[in-house]
Amino acid sequence: MYKDLIFLFVSYLLGSIPFGIVVTKIFTDIEITKEGSHNIGASNVKRVAGTKLGLLTLFFDMLKGFVPTLIASYINSDIYFILLTGFFAFIGHLYSLFLKFKGGKGVATAAGVYLAIAPLPFLFSLAVYILTMAIVKIASVSSLLATLSIPLFLYLFKMPYEYLVFSIVVTILIFYAHKDNFKRLIKGKEPTII
């Protein structure tokens, strides 16, 4: 029991690491929280610091959701423990211990969790993201549609009911985290990724 709690806390700590800040501080003198949309995620890093650093941020933000969730599935077969591990990593990104419980939008970290627990639904959701991005070229719109599609693909692929509940909760939290994006979209001021 105590080992499980410690593991969940470690997952939260890993999720809390703001890789967008870490990457930009190592390779540039940019203060990412003061540039662009002020967000620590890969989209803002790409927009402000370039594609390479944006992709690096994306990779690490996904990794911090993927790794603990995958490890959890090997050390404990309990579906609730596995989902909680992924959720704690996701919550860490949204409400980082290192940023006074502020953080990013959680899309990449959630994607890492889905890659670990449901690879096929993840790939179909990724296809939604890529297709939407090719059409509208707005990261927030692409991320939100891909996020919205995950519960559908989990259902279509007949994944466990618990996965579906998990995805609905994560989707709600991601949509809430994008509240400022919705305001900019309504005003027509949401920046494109390209």
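## Basis and fold

Helices are DSSP runs of H or I, at least four residues long, and strands are runs of E, at least two long, numbered from the N terminus. This is a predicted model: local features need pLDDT of at least 70, side-chain atom pairs count only at pLDDT 80 or more, and totals for chains, interfaces and linings use all residues. Residues are numbered from 1 along each chain as its sequence is written, and side-chain values use heavy atoms, with hydrogens and water left out.

The chain has ten helices and zero strands. Its pattern along the sequence is α-α-α-α-α-α-α-α-α-α. The C-alpha trace spans about 45 × 35 × 25 Å along its principal axes. The radius of gyration is 16 Å, which agrees with the value near 16 Å for a compact globule of 194 residues. That radius is taken over C-alpha atoms, and the globule rule is 2.2 Å times the number of residues to the power 0.38.

## Helix 6 against helix 9

Helix 6 (residues 107-117) packs on helix 9 (residues 161-177) at an angle of about 170°, and their axes are 11 Å apart. Helix 6 is therefore roughly antiparallel to helix 9 (angles over 145 degrees count as such). Axes are lines fitted to C-alpha atoms, for helices over the stretch in contact, with angles from 0 to 180 degrees between N-to-C directions.

Helix 6 contributes Val-107, Ala-110, Val-113, Tyr-114 and Ile-117 to the contact. Helix 9 answers with Tyr-163, Phe-166, Ser-167, Val-170 and Ile-174. Contact means heavy atoms within 4.5 Å. By class there are nine nonpolar residues, one polar and no charged. Ala, Val, Leu, Ile, Met, Phe, Trp, Tyr, Cys and Pro count as nonpolar; Asp, Glu, Lys and Arg as charged; the others, Gly among them, as polar.

## Largest pocket

The largest pocket holds about 870 Å³ of space. A pocket is an open set of points on a 1 Å grid over the protein atoms alone, where a 1.4 Å probe fits, with protein on both sides within 12 Å along at least five of seven lines; lining residues have an atom within 4 Å of a point. Volume is the space filled by probe spheres set on the points, which are joined across faces, edges and corners.

The lining has 41 residues, and Ser-43, Leu-58, Val-107, Tyr-129 and Ser-143 lie nearest the centre. Helix 3 (42-49), helix 4 (51-75), helix 6, helix 7 (119-136), helix 8 (139-156) and helix 10 (179-187) each supply at least two lining residues. The lining divides into 20 nonpolar, 15 polar and six charged residues.

## Second largest pocket

The second largest pocket has a volume of about 530 Å³. Its lining has 21 residues, with Asn-39, Gly-103, Gly-104, Lys-105 and Asp-180 nearest the centre. Helix 9 and helix 10 each supply at least two of the lining residues. Helix 10 gives the most, with four. The classes are eight nonpolar, eight polar and five charged.

## Around helix 5

Asn-76 sits in the loop between helix 4 and helix 5. Leaving aside neighbours within four places in sequence, Asn-76 is in contact with Asp-4, Phe-81 and Ile-82. Asn-76 and Asp-4 are 72 residues apart along the chain, with their C-alpha atoms separated by 8.9 Å.

Ile-79 lies in helix 5 (residues 79-94). Not counting residues up to four places away in sequence, Ile-79 touches Pro-160, Glu-162 and Tyr-163. Ile-79 and Leu-55 are 24 residues apart in sequence and 31 Å apart in space, C-alpha to C-alpha.

Key: Parallel < 35°, antiparallel > 145°, perpendicular 65-115°, else oblique.
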